[in-house]
Amino acid sequence: MLAKIFGSAVQGVQAYPVTIEVSIGSGKDSAIVGLPDSAVKESMFRMDTAVKQSGFYMPRQRVVVNLAPADIRKEGSAYDLPIALGVLQATRQMRAPQLEDYLIMGELSLDGSLRPIKGVLPIAIEARGKFKGILLPKENADEGAIVSGLDVIGVESLTEAVDFLEGRCHIEPRTKDTRDLFFSGLNQYEEDFSHVQGQENIKRALEIAAAGGHNAIMIGPPGAGKTMLARRLPSILPPLDLRESLETTKIHSVAGKLSKQDGLVTSRPFRAPHHTISDVALVGGGNTPQPGEISLAHNGVLFLDELPEFKRAVLEVLRQPLEERRIAISRARFTVEFPASFMLIASMNPCPCGYYNHPEKECVCPPGAVQRYLNRISGPLLDRIDLHVEVTPVSFEKIAHQSRNESSEKIRERVIAARELQLKRFAEHPAIFSNAMMPSPMVQEVCIVQPSGLNLLKTAMQRLGLSARAYDRILKVSRTIADLAGAAEIGNEHLAEAIQYRSLDRENWAG
């Protein structure tokens with residue numbers, strides 16, 4: 001007696017079809033084969049009790065479950081439901097002629113009810129066009145319904161799944177208008193720049209960062225407002241488009257971080273991991289590779305508060321993703337790739353005590369402490385940060401002054417206008433969306449500077465001791481400043497403003 005059911009395996013953010021074959025034969029020792037992990041092997045125990053609690057029986061013969069293809073690793077508990085249905089079909093306790101029309105996944109509780117699973121969106125995308133529909137736990141139905149052209153059936157228990165497949169009950173497929181869901185959630189941010197008093201120079205720097213997709217670091221004493229300003233950055237970024245929204249949702253779905261109410265990520269992510277985070281938690285990995293914080297920040301902002309407090313090994317693993325905008329996690333049998341296109345926004349105190357260069361308070365750090373503190377951040381990583389911004393405390397007068405500040409919406413309009421210029425500029429390069437993404441050869445073509453500007457740049461690089469990578473960063477930032485001004489060419493004033501955002505290089509800051 002043999003039954004065949006279709007499921008799916010998720011590797012990275014991609015799903016692959018899996019054929020689940022269940023055979024009932026002579027013998028006693030049951031087994032699951034096809035490269036299953038421990039959670040899949042334990043499925044036999046969960047399924048045994050769930051089947052009995054649902055009013056069915058488990059055969060006393062040998063049950064062999066084959067998960068094909070056998071060279072793809074099968075992970076997690078989502079194979080419980082299809083294996084159980086395969087046993088019922090193979091023992092003829094269920095006769096479901098439409099069984100092969102559906103891709104089926106779900107985790108069983110011991111009482112036969114279904115628990116939600118991870119990675120439903122990539123599974124539903126894989127199922128579209130290959131199956132009539134997808135059978136899932138009811139709590140995952142909203143997420144699966146994001147994919148159009150697919151009957152998404154949500155069930156609460158093994159019994160309900162059997163009744164549906166045998167035609168004894170009708171379950172209306174869950175539907176959602178993805179575009180309505182997407183547009184209804186756009187630009188929903190609690191924090192707004194209109195709530196920030198003073199700090200006009202920091203707002204300007206963050207506007208430049210948002211307009212060009214640049215990385216930035218804010219250096220200032222405790223209580224100067226670095227974290228408050230960083231948390232408001234997503235509110236001035238261009239809204240996600242539908243492609244970016246689905247891409248981001250897939251990552252959060254695989255990580256199990258997706259909100260059950262929304263089902264679709266419509267706001268740019270803002271991730272702020274604690275400085276005690278491990279390198280694996282930051283970039284992703286583990287025995288079962290999962291996306292890390294940098295992938296959860298894809299199409300959004302990764303905020304690292306108190307940057308020097310992070311372990312050096314953790315910071316160094318950021319270097320490759322910042323350049324390539326993806327992260328590859330290699331294992332002996334396979335390699336998983338996660339997208340990691342994010343804006344890095346960091347903050348730090350200028351010294352261990354926090355008051356170096358403070359306008360009012362005196363630094364009490366011993367000689368050399370400032371340089372040692374800044375040396376915790378490697379030069380190559382610092383070079384990958386485009387804007388170095390000095391943050392000073394806001395005076396009492398500015399805090400108490402009840403002026404009407406510019407809203408995030410107004411700033412966002414300028415940012416969007418600058419981004420549209422960049423999209424036109426890079427129309428022939430579909431992988432490039434902003435000035436920050438330009439490779440070095442393209443910088444020379446796009447960021448053309450007049451001779452007087454080159455002299456200004458040469459002088460600045462010699463005095464500040466900047467690297468060749470910093471040269472490219474200055475040109476990219478000056479191009480963004482020119483875009484915000486609507487200027488076709490990079491002027492000296494644009495270069496001068498860009499250069500000041502490199503003035504916090506370690507040698508000059510600690511000198």
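Reader: Is Ser-378 buried or exposed?
Author: Buried, because its relative accessible area is 5%, and buried means under 20%, with exposed over 50% and partly exposed in between (1.4 Å probe, protein chains only). Bear in mind that this is a predicted model, where local features need pLDDT of at least 70, side-chain atom pairs count only at pLDDT 80 or more, and totals for chains, interfaces and linings use all residues. Residues are numbered from 1 along each chain as its sequence is written, and side-chain values use heavy atoms, leaving out hydrogens and water.

Reader: OK, where is Ser-378?
Author: In the loop between helix H15 (369–374) and helix H16 (379–383); helices (H or I, at least four residues) and strands (E, at least two) are DSSP runs, numbered from the N terminus.

Reader: Which residues is Ser-378 in contact with, leaving aside neighbours within four places in sequence?
Author: Arg-312 and Glu-316, where contact means heavy atoms within 4.5 Å.

Reader: And what does the side chain of Ser-378 make a polar contact with?
Author: The side chain of Glu-316, at 2.7 Å. A polar contact is a pair of N or O atoms within 3.5 Å; within protein, one must be able to donate a hydrogen and the other to accept it, and residues adjacent in sequence count only if both atoms are side-chain atoms.

Reader: Switching topic: how many aromatic pairs does a search of the whole structure find?
Author: Three. Rings of Phe, Tyr and Trp (its six-membered ring) pair if their centres lie within 6.5 Å; planes under 30 degrees apart are stacked, over 60 edge-to-face, the rest tilted. One of them is Phe-6 with Phe-131, tilted, 5.4 Å centre to centre with 55° between the planes.
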